[in-house]
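Me: I am new to this structure. Let me put some questions about the words used for it, and please answer each one briefly.

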Amino acid sequence: MLIKTVMSGIGGQGILFSGLCMAWAAMYEGHFVTYLPSYGAEMRGGVTSCTIAISDEEIASPIPSAPDYLVLMDNLSLARLQSQCASGGEVFINTSIVSDRPIRGDIELVEIPVTDLAESSIGVRYANMIMLGAFIGRTHLVKASTIIGNMDKILGKEKARFKDKNIEAINIGLEYTSKET
Amino acid sequence: MKDKVLMKGTDALAEAAIQAGCRCYFGYPITPQNELPEYMARRMAEVGGVFLQGESEIASINMVLGAAASGVRAMTSSSSPGISLKQEGISFLAAMELPALIVNIMRGGPGLGKIAPNQGDYYQATRGGGHGDYRTPVFAPASIQELYDITMYAFDVADIYRTPVMILGDGMMGQIVEPTICRKRQKIDLPPKDYILDGARKRPSRIIRSLILDTLEMEEHNWKLKRKYDLMRGKLPQHEEFMMADAKLIIVAYGTAARIAKGAVKRARREGLAVGLLRPITLWPFPTQAIQEIAKKVKHFLVFEMSTGQMIDDVLLALGGKAECEFYGRPGGVVPTPMEITRIVGRYWVQKEILG
């Protein structure tokens with residue numbers, strides 16, 4: 001079984017880190033995993049995405065041929081990626097920023113206003129982690145507890161001070177999923 | 001599980017080099033391998049080594065030469081156009097029999113090409129690359145763990161045979177992040193470095209040079225190198241076999257292409273096609289003998305490369321006409337999917353009527 005997820009947004013939204021958290025968790029839960037980042041030359045504002053492949057056997061190709069899940073943080077990501085999604089796949093959309101909707105009828109849409117949720121709670125910079133919490137709360141691809149339990153290792157020494165807020169953000173996402181979707 | 005970490009290819013390679021005792025890195029920036037010098041810049045400061053961004057690729061490879069001559073484990077890295085610039089230095093390293101590691105994270109070419117993954121530098125890597133009658137061992141890992149392990153091993157090979165060694169990856173191998181166990185270095189018996197320039201106090205002076213004007217002396221130097229290359233041909237070849245026991249068609253692919261091919265083999269097997277994969281891990285010396293052994297049983301080969309076809313020459317040389325061999329390639333930075341390769345395998349299967 002091979003499940004591919006593409007997370008995509010604008011450089012600076014933190015989508016690479018969300019994907020990396022999921023990849024670490026998949027590894028700790030004993031799966032084969034690959035994580036392939038892709039980003040523009042810009043420090044902020046470029047097209048940014050990552051592909052996380054999780055499998056119970058060796059992963060042949062880390063590139064997203066027909067991802068089962070899409071996590072989209074901006075309009076451009078939706079325009080760029082919706083045609084790639086596997087039929088029957090799920091598309092998670094940050095409705096605070098994404099005004100468009102997929103034109104395909106064969107994919108399931110999950111709408112979460114993560115930027116609004118972040119702004120009204122712990123700050124807009126944590127929208128990515130709220131999305132991650134909401135995403136795994138619904139898909140159960142990895143356990144939230146695995147990410148939370150290993151946050152020290154994932155963040156490393158330099159960013160250790162962001163641990164608590166990241167965990168709080170994941171919990172906000174989890175809570176939103178359990179109530180709304 | 002707990003000792004595994006997620007590592008990017010370039011970081012894993014750099015960390016393995018540090019663990020292997022590499023204490024000098026010289027390089028000049030080029031995408032898609034810039035994360036490697038970035039990692040080195042930080043880590044060399046921590047371990048008391050030297051990180052230096054040269055004024056050019058040519059300067060960097062000659063700094064490697066200088067460090068190697070003084071007995072330090074040294075390396076450089078670049079991507080295709082940068083590696084072309086380093087060829088003179090690599091030729092000199094080979095001539096002077098100095099150990100060094102050169103990493104090529106291949107990108108599209110010729111010329112400046114593009115920064116997407118590509119396998120167009122196979123000829124350059126396996127045929128020596130620079131001028132003169134020499135070879136360099138070339139390793140082509142296909143996972144981050146293997147990249148890590150091979151980097152450590154490559155430094156030992158360089159010291160044992162006193163030769164520059166190349167690791168040939170591509171943009172994908174550099175960028176992909178995978179679980180990796182950062183093993184500590186296994187100490188092995190290495191020949192004493194009795195050639196290095198460390199001050200001629202209480203010993204006769206030593207000279208490391210590549211200019212040999214006496215014809216017979218030069219000839220003997222060439223034969224000496226040849227004997228060394230023959231020794232490597234006997235000892236170094238490595239390859240991986242996957243689902244080959246009952247295979248009627250063998251895909252030959254290396255590096256990223258081999259990963260994709262492995263996925264294609266699994267897919268083809270689900271369709272009932274008896275397909276296997278042979279993945280050369282060393283590109284020079286090429287696993288010629290392994291292919292010759294297999295060709296006694298299997299009569300159909302398909303070479304898949306992310307180029308217009310270079311390794312296929314080595315496969316054809318190995319086969320010597322004893323089996324049929326076709327080629328499929330995607331140059332230009334295209335990374336095909338396993339499904340695409342499965343389709344090619346299916347087409348080949350039907351065209352050659354392998355079952356009939």
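**Terms and values**

Reply: Strands β11(B) and β14 (residues 300-305) of chain B run parallel and are joined by four bridges. The model is predicted: local features need pLDDT of at least 70, side-chain atom pairs count only at pLDDT 80 or more, and totals for chains, interfaces and linings use all residues. Residues are numbered from 1 along each chain as its sequence is written, while chains are lettered from A and ligands numbered from 1 in the order in which they are written.

Me: What makes β11(B) and β14(B) a pair?

Reply: Two strands pair if DSSP finds at least two bridges between them. Here four bridges join β11(B) to β14(B), so by the definition they pair. One partner of B:Ile251 is B:Leu302 in β14(B). B:Ile250 has B:Phe301 as its bridge partner there.

Me: How do you know what counts as a strand or a helix?

Reply: Both are DSSP runs, numbered from the N terminus: helices are H or I with at least four residues, strands are E with at least two. β11(B) covers residues 249-252.

Me: Which way do the residues of β11(B) point?

Reply: B:Leu249 and B:Ile251 point one way, and B:Ile250 and B:Val252 the other way. In a regular strand the side chains alternate between the two faces of the sheet. All four of these residues of β11(B) are buried.

Me: Why is a residue called buried?

Reply: Because 20 or more other C-beta atoms lie within 10 Å of its own; with 12 or fewer it is exposed, and in between it is partly exposed (C-beta atoms are placed from the backbone). In β14(B), five of the six residues are buried. Helix α1 (residues 9-19) of chain B has ten buried residues of its eleven. Among them are B:Gly9, B:Leu13 and B:Ile18. After α1(B) comes B:Gly21, with a positive phi near 95 degrees.

Me: Which other strand does β11(B) run parallel to, and over how many bridges?

Reply: β12 (residues 275-280) of chain B, over four bridges. In β12(B), B:Leu277 is the bridge partner of B:Ile251. The chain goes from β11(B) through α9(B) to β12(B), a right-handed β-α-β crossover.

Me: Why is a crossover called right-handed?

Reply: Because, with the strands pointing away from the viewer, the path from the first strand over the helix to the second runs clockwise. β14(B), helix α11 (residues 311-319) of chain B and β15(B) also form a right-handed β-α-β unit. β14(B) pairs with β15 (residues 324-329) of chain B in the parallel sense, over six bridges. B:Glu305 stands opposite B:Gly329 in β15(B).

Me: What makes residues of chain B and chain A count as in contact?

Reply: Their C-beta atoms, placed from the backbone, lie within 7 Å. By that test, 16 residues of chain B touch 16 residues of chain A. On the chain B side, α9(B) gives the most, with four residues. That side has nine nonpolar, three polar and four charged residues. Ala, Val, Leu, Ile, Met, Phe, Trp, Tyr, Cys and Pro count as nonpolar, Asp, Glu, Lys and Arg as charged, and the others, Gly among them, as polar.

Me: Why is chain A called as compact as a globular protein of that length?

Reply: Chain A holds seven helices and six strands. Its radius of gyration is 15 Å, close to the 16 Å that the globule rule gives for 181 residues, so chain A is as compact as a globular protein of that length. The radius is taken over C-alpha atoms, and the rule is 2.2 Å times the number of residues to the power 0.38.

Methods
Two residues are in contact if their C-beta atoms, placed from the backbone, lie within 7 Å.
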